[in-house]
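Here are my notes for you, written as a short walk through the model. Keep the viewer open and turn to each place as you read.

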Amino acid sequence: MKRSESDQENNIMASVQETLQMVSGDGDTSYARNSVLQAGEQGNIKPMIEEAVANLLDGSNRYPGGMMIADLGCSSGPNTLVLVSTAVDAVRRRCMQLQQQPPEICINLNDLQNNDFNSVIKSLNTYKQTQEGSGLILTSIVPGSFYGRLFNKCSLHLVCSTCSLHWLSKAPEDLVRNGIPCYDSDEVARRARRSTVMKAYARQFNQDFTQFLGLRAQEMVRGGQMVFSILGQRYHDEDDAIGHVEFIAHVLHEMSSMGLIDQEKLDSFYVPVYGPSPDELRVIIEAEGSFSVTKIAVHEPTICVGRGITTAKTMAQAMRAAMEPMIVQHFGSSPQVMDEFVLIAEKLMKLSPLDEYPNKPGVFLAASLVRT
Ligand SMILES: C[S@@+](CC[C@H](N)C(=O)[O-])C[C@H]1O[C@@H](n2cnc3c(N)ncnc32)[C@H](O)[C@@H]1O
C-alpha cells in the first residue's frame with residue numbers, strides 16, 4: 001500500500017475515538033435534551049441491575065473494602081447518573097433486607113475524553129449532596145476508551161452501561177482497507193454489497209467486543225456482575241442492511257446531492273455502530289470465555305418510551321445529538337448544516353419509518369453477565 005493510502009486509512013480508523021462525542025451542554029440540540037429513547041431503555045434494565053446487586057449481596061460478602069460500581073459511556077445529561085444511582089439504591093435496600101451495614105460505595109463514571117465532564121461533575125456533586133447521611137459515596141471520573149484498560153485489576157464489582165457498547169473502536173477495517181463505502185447511492189450496487197458491508201461491520205464488532213470483555217475480565221472480581229444494553233437486531237441476516245448505519249448514510253447522501261456536504265468525503269465516512277443479534281452476542285461472549293450469560297433480552301425501543309414520544313422528529317433529533325460532532329468534523333461543515341440533517345432524516349423516516357428501515361427493525365439487546 002502506498003504511504004498516502006496508508007496514512008488516509010490510519011486517519012479514518014483513528015478518528016472515531018477522537019471525534020466521537022455527543023452534543024454537549026443543555027441546549028436544544030444537546031444529548032441532554034435528546035436522549036429520551038435511551039432513558040426509556042435505562043428504565044427497562046433497572047430490574048436487571050437490581051438482580052445483579054442481589055447476586056452480589058447474597059449474605060456471604062459484606063464488602064469491608066467497599067464496593068466499586070462503574071458506568072461505561074455515561075455521557076452527560078439526565079441519563080448520566082441513572083444506572084449508578086439505581087445500583088446504589090438497590091445496594092441500600094438489599095442491605096436493609098439483610099440487616100447489615102451498607103458498604104462504602106465508589107461510583108466511577110467513564111466516557112471518552114471529549115465528553116462534557118464539566119456537566120457530569122456538577123451532576124455528581126448534586127447527587128452526593130442528596131445522599132448525605134445515607135452512607136458514604138465516593139465518586140470518580142474515568143476518561144478514556146473502554147477499548148483500553150480503565151481500572152485496577154480485580155477492582156470492579158458491578159459494571160453497567162446503556163447505549164454505548166455498540167459504538168465501534170474504529171471504522172470496519174475491511175471496508176476501509178478495500179475502499180468500500182458503507183453506502184452506495186446506486187441501489188443495485190448497494191444491494192450487491194450489503195452482505196460484504198454487513199460482514200465487515202459484524203467482524204469489527206466481534207473484534208471490539210472480544211477485546212472489551214477481555215479487558216473488563218481483568219478489572220472485575222470473580223463473581224462480579226455486568227449489565228448492559230446496546231442496539232441490536234432481532235436476528236442476523238447477512239444479506240440485510242444495518243438499519244441505523246444505512247439510514248444515517250442515506251440522509252448524508254441526500255445532503256451531498258443537495259451540495260451540503262462533499263460526496264468524496266462521504267465515501268470515507270463510516271457510521272461506527274453495530275448492533276448484533278442475540279445469538280451473535282452470545283457466541284462472542286462464550287468464545288471469549290471470561291463471563292457466563294445470565295440473560296439476554298430483546299427490548300423494543302418504541303415500547304420503552306411509549307409510542308407518542310418516538311416521533312420521526314424525536315428520532316431525527318436524537319440522531320443529531322449523537323452524530324453531530326463527528327459529522328461536522330469529518331465534513332468540515334457548520335453545525336447549521338445539521339438543521340438540514342434533521343429535516344431530511346425526519347422526511348425519510350416519515351416515508352419509511354426506521355422501524356421498517358430497510359427491512360429490519362432496530363431493537364435494544366439487554367444482557368446480564370457474571371465474571372466467572
Ligand atoms: C448514546 S450515548 C449513551 C449515554 C448514556 N449511557 C445513556 O444511556 O443515555 C453513548 C456514549 O458512549 C460513549 N462512548 C462511545 N464509545 C466509547 C468508548 N470507546 N469508550 C468510552 N465511551 C464511549 C460516547 O462518547 C457517548 O457518550
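1. Let's begin with a term: a polar contact is a pair of N or O atoms within 3.5 Å; within protein, one must be able to donate a hydrogen and the other to accept it, and residues adjacent in sequence count only if both atoms are side-chain atoms. With that in hand, look at Gln-131, whose side chain makes a polar contact of 2.6 Å with the side chain of Arg-92. The side chains of Gln-131 and Thr-130 are joined by another polar contact, of 3.4 Å.

2. A word on what you are viewing: this is a predicted model, in which local features need pLDDT of at least 70 and side-chain atom pairs count only at pLDDT 80 or more, while totals for chains, interfaces and linings use all residues. Residues are numbered from 1 along each chain as its sequence is written, and side-chain values use heavy atoms, leaving out hydrogens and water.

3. Where does Gln-131 lie? Its place is the loop between helix H4 (117-130) and strand E3; helices (H or I, at least four residues) and strands (E, at least two) are DSSP runs, numbered from the N terminus. Gln-131 is buried because its relative accessibility is 11%, where buried means under 20% relative accessible area, exposed over 50% and partly exposed in between (1.4 Å probe, protein chains only).

4. Now visit the ligand. The residues around the ligand number 20, and Tyr-31, Gly-73, Asn-79, Asp-111 and Thr-162 come nearest; a residue counts as near if one of its heavy atoms lies within 4 Å. Gly-73 places a backbone N or O atom 2.8 Å from a ligand nitrogen atom. Asn-79 uses a polar side-chain atom, 2.8 Å from an oxygen atom of the ligand, and a side-chain N or O atom of Ser-164 is 3.2 Å from a ligand oxygen atom. The protein buries 98% of the 600 Å² that the ligand exposes when taken alone (Shrake-Rupley method, 1.4 Å probe; for residues, only the protein chains shown count as cover). Helix H2 (36-56) and strand E2 (105-111) are the elements that give two or more residues to the shell around the ligand.

5. Follow H2 next. Its 21 residues should span 30 Å at 1.5 Å a residue, and the end C-alpha atoms are 30 Å apart, so the two agree; the expected span is 1.5 Å times one less than the number of residues. Even so, H2 bends by about 40° at Ile-45, with the proline Pro-47 following within four residues. A bend is the angle between axes fitted to the seven residues ending at a residue and the seven starting there. The buried residues of H2 include Leu-37, Ile-45, Met-48 and Leu-56.

6. H11 has a kink of about 60° at Met-323, shortly before Pro-325. Is H11 largely enclosed or open? It is largely enclosed by the rest of the structure, because 15 of its 20 residues are buried. Gly-332 follows H11 and has a positive phi, near 65°.

7. Which residues other than glycine have a phi near 50°? Tyr-63 is one of them, and Cys-154 is another. Tyr-63 sits in the loop between H2 and strand E1 (67-72) and is buried, because its relative accessibility is 7%. Cys-154, in the loop between strands E3 (137-143) and E4 (156-162), is exposed, because its relative accessibility is 55%.
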